[in-house]
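Visitor: I would like to learn how to read a few features here. Where do we start?

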Amino acid sequence: MLFNSFLFLFSLIIIIGAIFVISTKNPIHSILFLILVFCGGSGILLLLGADFLAMVFLVVYVGAIAVLFLFVVMLLNIKIIELNTQIIQYLPLSLILFLIVLLEFIYMYNVNIYLNSTLNFY
């Protein structure tokens, strides 16, 4: 139960962080949210028992790539660009893709329940 709670927490952190990566107006904040996503991924790897892979993930992605992006963006002095108001035109396509992914998750969840109920050997 505790494992599932932490897995849900790290997954929620990754999803919310990824949404903020693409929706923030400030590129520096976007990179900081990207670092949060990498840390959440490392937390999931720690939960799954891949300790070495989790630490490599932190060192390589957070320690090198994300910090490099952060310093490059800060050195370039990029002006904050307002989000374009034409995001609404992409809304139908994004909803269709969201529904496809949601249906795939529901299907895989039902297959997993069916397999778990038929493979009990006791």
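Guide: Start with patches. A patch is made of residues with over 30% relative accessible area and no salt bridge; like charges are joined within 9 Å, nonpolar side chains (Val, Leu, Ile, Met, Phe, Trp, Tyr) within 5 Å. A salt bridge is a side-chain nitrogen of Lys or Arg within 4 Å of a carboxyl oxygen of Asp or Glu. Areas come from the Shrake-Rupley method with a 1.4 Å probe, and for residues only the protein chains shown count as cover. In this structure, F52, V56, V59, V60, Y61, I65 and F69 make a nonpolar surface patch of about 630 Å².

Visitor: What kind of model is this?

Guide: It is a predicted model: local features need pLDDT of at least 70, side-chain atom pairs count only at pLDDT 80 or more, and totals for chains, interfaces and linings use all residues. Residues are numbered from 1 along each chain as its sequence is written, and side-chain values use heavy atoms, with hydrogens and water left out.

Visitor: Where does I65 lie?

Guide: In helix α3, residues 51–76. Helices are DSSP runs (H or I, at least four residues), numbered from the N terminus. I65 is partly exposed, at 32% relative accessibility. The scale: buried is under 20%, exposed is over 50%, partly exposed is in between.

Visitor: How do I read an aromatic pair?

Guide: Use the distance of the centres and the angle of the planes. Rings of Phe, Tyr and Trp (its six-membered ring) pair if their centres lie within 6.5 Å; planes under 30 degrees apart are stacked, over 60 edge-to-face, the rest tilted. This structure holds 4 such pairs.

Visitor: Why does the pair of F38 and Y61 count as tilted?

Guide: The ring centres are 5.2 Å apart and the planes stand at 35°, so the pair is tilted. It links distant parts of the chain: F38 is in helix α2 (residues 27–47), Y61 in helix α3, 23 residues apart. F38 is buried at 15%; Y61 is partly exposed at 33%. Y61 also forms a tilted pair with F57, at 4.9 Å centre to centre and 55° between the planes. F57 and Y61 both lie in helix α3, 4 residues apart, about one turn. Ring pairs link F38, F57 and Y61 into a cluster.

Visitor: Is S42 buried or exposed?

Guide: S42, in helix α2, is buried at 2%. Beyond neighbours within four places in sequence, S42 is in contact (heavy atoms within 4.5 Å) with A54, F57 and L58. A polar atom of the S42 side chain lies 3.0 Å from the backbone oxygen of A54.

Conventions:
Helices (H or I, at least four residues) and strands (E, at least two) are DSSP runs, numbered from the N terminus. Buried means under 20% relative accessible area, exposed over 50%, partly exposed in between (1.4 Å probe, protein chains only). A polar contact is a pair of N or O atoms within 3.5 Å; within protein, one must be able to donate a hydrogen and the other to accept it, and residues adjacent in sequence count only if both atoms are side-chain atoms.
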